[in-house]
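Trainee: I would like to learn how to read a structure with you, one feature at a time. Could we look at it together and begin with a single residue?

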Amino acid sequence: MEFLLASALGVTTACGVYLLLRGRTFPVVLGLSLLSYAVNVFIFAMGRLAVNAPPVIAPNAATYSDPLPQALVLTAIVIGFGMTGFVMALAVRARHETGSDHVDGAAAAHEKAHVR
Amino acid sequence: MTLPIIILLPLLAGTVLALAAARFGRNAAAWAVAAVAGASLALTLLEMPAVLAGRPLIVSWEWLPSIGLNFSFRLDGLGLMFALLILGIGLLIILYARYYLSPADSIGKFYSLLMLFMAAMLGIVLTENLLLLFAFWELTSLSSFLLIGYWSHSAEARRGARMALAVTGGGGLAMLAGFLLIGNIAGSYELSAVLDARQAIHDHPHYTLALVLVLIGAFTKSAQFPFHFWLPEAMAAPTPVSAYLHSATMVKAGVFLLARLYPVLGGSIEFEYIVSTVGLVTLVFGAYVAMFKHDIKGLLAYSTISHLGLITFLLGLDSPLSAVAAVFHIVNHATFKASLFMAAGIIDHECGTRDMRKLNGLWKYMPHTATLAMVAAASMAGVPLFNGFLSKEMFFAEALELNHLALLGHVAPVAVTFGGIFSVAYSLRFIHDVFFGGEPSGLARIPHEPPRYMKMPVEVLVVVCIAVGVLPAYTVMPLLAVAARDVVGGPLPPYDIAIWHGFTLPLLMSAIAIVGGVIMYWLLQRKFNLQLHAPASLNARLLFQNSHDGLVRLAAALTAGLQNGSLQRYLALLVTSIIALGAWPFLQNGYHAGNAALTPANGLAAAVWAMTLVAAAASVLLHRERFTAVILVGVVGLAAALTFACFSAPDLALTQFSVEVVTTVLLLVALALLPQTDPAESRPARKFRDAVLALAAGAGVAALAWAVLTRPHETISWFYLGESVPAGGGSNVVNVILVDFRGFDTFGEIIVLGIAAVGVFALMDGMRATRAAQAAGSAPLLLSVAARALLPFALLVTAFIFLRGHNLPGGGFIAGLVTAVALVMQYMADGFSATTRRLRPDYTRVIGWGIMTAGVTGVASWVFRAPFLTSTHGHPRLPVVGEVPLASAAVFDLGVYLAVVGATLLTLSVITGAGRHAPAPAQEKV
């Protein structure tokens, strides 16, 4: 289980970073989303993996999973949405103002088009 | 309490009063600052008898005891002598500047800066704490920067100011490093403790390092070779500034520091060699260069360098008498050099130039000023009956006592005699070139005597020169004795300062210097014609300038290289640095997996794993088809939610599921405003580079996760698990942490969320765009009907999730997101306009109410005299319903709920609503 989690985290991170380095705003936001998933699960996994042990106090529960990383990640997920929304709005507005959705603005996109 | 007031008066009252009084004219400003400086002087004089009687005054208040910084002051003999110089000459400068500055100059600004400088200087000499001393030290650098650059329209002034700040401020930083070392060894930054720790400091292996660092500070400030070059450049300052800073105060701070720390650092062979050699070189070098300067102030600047070298040389020697001579010369140099600078300023003021090739024969036009300048110059040259002679003779005597220093012992007597000859020659040149030898040439106006009161400060100082020179025992002796005792750090041997000691070797050296100097000047004039001599370019200054320019170019190139405006490059650099930083410990210590017991995998886990891998990889491969990519990224998000569910995090799973829904909706409505595909523009090399970076990052994260997951678990969570029910009144520990234990964090987080949503609102404000054609059209009827019917149920579920949140998975965050999902469904089913008409929402208000509810809950605990956000809980019995668990945290959670609902829906509705107003199509211009 630990191996599956670690490898999936690695793949998700790699894909997120690759998309993050693209030249257009939309894939960058997608990359950011992938990266947030990876980061959230990573932090959560720092509390180790426990099955059938939710951190809800019950009289007959033998063990509990670590609640602290969960609390951290819960707010991180919600803030992640706020961040995605903000970056998306930035991207939409930038495209609207410059006429291009390249991350470096219209000039860079124009230059690239010429090179090609 | 008097001591800090002496400093605070000019610092607070002086700076402000100068600016305020300047509105009422130049006289008012001068009177105001003179009154402040006079009050400080009076306070100092009040304390004087005790200090002269040998009882230094030390007062201390704790300021930042954790770093050893105290608000502590000390008035001992050395400090008293300097304070009297600073305040006494400061008063004369105030009077002089009143007449020197033209009505066009802002006199308020000048006096205000002068007061700031005076306070900083007093701080240096009166502080007991080394860190405080450093603060005042840098304050003198800053205020002198402003004073030198007072005529900020002149490029020369700006350059001189910059150079002075760079050299003296930089030296101050070295000094701070030295202080930190000393304070570490002594265990305190209080001067008394440091003085007591002399032996420990000398025995410490870092002694030499600390010594050199402190010396760099002192040498830069006192313009010692090779840091001397800033002083001649600083002559671009108005002359009152030069007369004050560059004769009596600022440059004396360095020798003050040497004198102050002499009992701690002195007495070692390193100290003696470094300090006296640097002093000797500076002494001879400065005097030599001074002879060839055509600018009066340039000549005086190099003469100052030379005299500071003389004082440094004396302080370097391991002899109590040389300390007396050094302290004596500090006073004497301040008096004659300040008066000479002021005389130079008068000449400049009346003739419009300071160039000695143009100034000649001024005796005829300003005999009064000429007489004053001649007395001061005679003192500078060391002519008997003037104060300079006395200290210089002591200096000659000390230079003869260096037999224990081998080579230096042989060189010093010859070198100091040559220094004496040069100093007579340049003094003679100043007097002869300016006041005699023909007629002035090329002056704009006929010079005449300055206003009456402009000469008065010079007269006062010249009277002091003569009085001290003739009657040393009745004027400065008592002050000198206490000051020198503080330098030596113990009782002084008997000594006698008098004009006549009989025919001695030092007297012979004085005679040789005077006669030699006259011959030297005569030879230079006859053989080389000094007037035509072109001064060689100053190498040290050029070196400084070149390295300065080089640094600026380097910084510009670095900035241009790193910050070229390309987000792609920034992100690549960022990712690379993070990978490098993350890999560093592994490369250092090697990579080891732990050996903790692993959890066995099951079929579901393998399926989720495969789903993640396929979806993530596909999202990269297909990312140019944006719609497909959004769906694939959503799949990865669902996998994350399943992971949370699988590993005992029901709250996280619920949150992730609902966020996934709103994020996907958000990405799709935004995509409608953007191109549907990515152009193929990355070149193979770029793709390869990015792939390498991505794989390295992924491998790093996987390796790190594996390394942690295979190690045993240690956590601080037992506290939360144990205290959740008794202290928080809830059994869902995650929720109790969020709304109770770490409620303040959550409060901050909902504020951030609100700001992000309001930021989206602001970004999209006034945007006019239309969406792509496929967004038009109405939703299926079935969905529309079902959504309306479902809404009340969805809200009921939301209430349930919210209420049970404290004890079972749920709570404000999740309930808020589920509400948002329900409302988003309404938008999708009924269309944006219809839903907006029906609900008439104002989501910014909802955010505001949410944050306010949470904040008021926190403040409410103040009513019960408890800290912010203290929670309470109970189980009141209600009729019919029975016992209900209630916690004040639930009200806080309600605030969270409202903020989440508001922020989510504001973001979505604003982006969805963009472009509803105008039909004008926006074209893709690329």
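**Contacts, cores and packed helices**

Mentor: Leaving out the neighbours within four places in sequence, Val33(B) is in contact with Gly14(B), Leu17(B), Ala18(B), Ile94(B), Tyr111(B) and Met115(B). Two residues are in contact if their C-beta atoms, placed from the backbone, lie within 7 Å. Please keep in mind that this is a predicted model, in which local features need pLDDT of at least 70 and side-chain atom pairs count only at pLDDT 80 or more, while totals for chains, interfaces and linings use all residues. Residues are numbered from 1 along each chain as its sequence is written, and chains are lettered from A and ligands numbered from 1 in the order in which they are written.

Trainee: Which residues have the most contacts inside the largest nonpolar core?

Mentor: In general, nonpolar side chains tend to be buried together in soluble globular proteins. A nonpolar core is a set of buried Ala, Val, Leu, Ile, Met, Phe, Trp, Tyr and Cys residues joined through C-beta atoms within 7 Å, and a residue is buried if 20 or more other C-beta atoms lie within 10 Å of its own, exposed if 12 or fewer, and partly exposed in between. Here the largest such core has 207 residues, and those with the most contacts inside it are Val33(B), Ile148(B), Val327(B) and Ala376(B). Helix H15 (residues 320–351) of chain B gives the most to this core, with 19 residues. Another core, of 133 residues, lies apart from it and includes Leu35(A), Val41(A), Val846(B) and Leu898(B).

Trainee: How many helices and strands does chain B have, and how many are there in chain A?

Mentor: Helices (H or I, at least four residues) and strands (E, at least two) are DSSP runs, numbered from the N terminus. Chain B has 36 helices and 6 strands, whereas chain A has 4 helices and 0 strands. Of the 926 residues of chain B, 49% count as buried, and buried residues make up 63% of the 116 residues in chain A.

Trainee: How many residues does each chain bring to the contact between chain B and chain A?

Mentor: Chain B gives 103 residues to the contact and chain A gives 83. On the side of chain B that touches chain A, the largest share, 14 residues, comes from helix H28 (residues 684–709) of chain B. To sort residues by class, count Ala, Val, Leu, Ile, Met, Phe, Trp, Tyr, Cys and Pro as nonpolar, Asp, Glu, Lys and Arg as charged, and the others, Gly among them, as polar. That side of chain B then has 69 nonpolar, 26 polar and 8 charged residues.

Trainee: At what angle do helices H3 and H11 of chain B pack?

Mentor: Axes are lines fitted to C-alpha atoms, for helices over the stretch in contact, and angles run from 0 to 180 degrees between N-to-C directions. Helix H3 (residues 77–100) of chain B and helix H11 (residues 239–248) of chain B pack at an angle of about 165°, with their axes 9 Å apart. H3(B) and H11(B) are therefore roughly antiparallel to each other, since angles over 145 degrees count as roughly antiparallel, under 35 as roughly parallel, 65 to 115 as roughly perpendicular and the rest as oblique. By class, the contact of H3(B) with H11(B) has 10 nonpolar, 2 polar and no charged residues.
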